[in-house]
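The sequence and the structure are shown below.

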Amino acid sequence: MKNFTYIIAALSIYLSVSGCVPGGEAGGSSPLAFLPFVLIFVFFYFLILRPQQKQGKQRKQMLSELKRGDDIITSGGIYGKITNVSEDDIITLEVAKGLSIRISRSGIAGLQPSAQDPKGGKN
């Protein structure tokens, strides 16, 4: 968080100083005028876009590795155990003894916390 504060401070100082470029031509544009936009794009890429892409890859990998017997939670908040995974991305989920529902693979939010060991890693 300390680095984040330094980045914001440096960016704000640069933006306040960059408006007064000595020797600039009247009516012309300096290549330095585009530097704040480039810096802002790089800033947003590393703080927003890159972490979202990483999360998306992790979710896609988790969904592709689902197998029979996994305890999961759906995006609707239903807990259950996978009893069947079909080829067309339909998963049969046992939510109670003798009660099964069919859901889409994309409707799975994640593995249940009880399916992980106490150290936070997966079994």
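At which residue does helix H2 bend, and by how many degrees? In this predicted model, the bend of H2 is located at Tyr-45 and amounts to about 45 degrees.

**Helix H2**

Helix H2 covers residues 35–64. With 30 residues at 1.5 Å a residue, H2 should span 44 Å, and the 41 Å that separates its end C-alpha atoms agrees with this expectation. Within H2, the residues Pro-36, Phe-43, Met-62 and Leu-63 are buried.

Phe-46 is also a residue of H2. Its relative accessible area is 47%, and Phe-46 is therefore classed as partly exposed, since that class lies between the limits of 20% for buried and 50% for exposed residues. Phe-46 belongs to a nonpolar surface patch, whose members together have about 1,000 Å² of accessible area. The patch is formed by Leu-32, Leu-35, Val-38, Leu-39, Ile-40, Phe-41, Val-42, Phe-44, Phe-46, Leu-47, Ile-48 and Leu-49.

**Paired strands**

| Strands | Sense | Bridges |
|---|---|---|
| E1 (residues 71–74) and E2 (residues 79–85) | antiparallel | 3 bridges |
| E2 and E3 (residues 90–96) | antiparallel | 4 bridges |
| E1 and E5 (residues 108–111) | antiparallel | 3 bridges |

Ile-73 has Tyr-79 as its bridge partner in E2 and Gly-110 as its bridge partner in E5. Ile-72 stands opposite Gly-80 of E2.

**Hairpins**

Which residue takes a positive phi in the hairpin of E1 and E2? There, with 4 residues between the strands, Gly-77 has a positive phi near 95 degrees. The hairpin of E2 and E3 likewise has 4 residues between its strands, and in this hairpin Asp-89 takes a positive phi near 60 degrees.

In summary, H2 is a helix with a bend at Tyr-45, and Phe-46 takes part in the nonpolar surface patch.

Methods: Residues numbered from 1 in each chain as written. Predicted model: local features only at pLDDT ≥ 70, side-chain atom pairs only at ≥ 80, totals over all residues. Heavy atoms only, no water. Pairing = 2+ DSSP bridges. Helix = DSSP H or I, 4+ residues; strand = E, 2+ residues; numbered from the N terminus. Patch = residues over 30% accessible without salt bridge, like charges linked within 9 Å, V, L, I, M, F, W, Y side chains within 5 Å. Areas by Shrake-Rupley, 256 points an atom, 1.4 Å probe, with all protein chains shown as cover. Salt bridge = Lys/Arg side-chain N within 4 Å of Asp/Glu carboxyl O. Buried < 20%, exposed > 50% of the residue type's maximum accessible area, 1.4 Å probe, protein only. Expected span 1.5 Å × (residues − 1). Bend = angle between axes of the 7 residues up to and from the residue.
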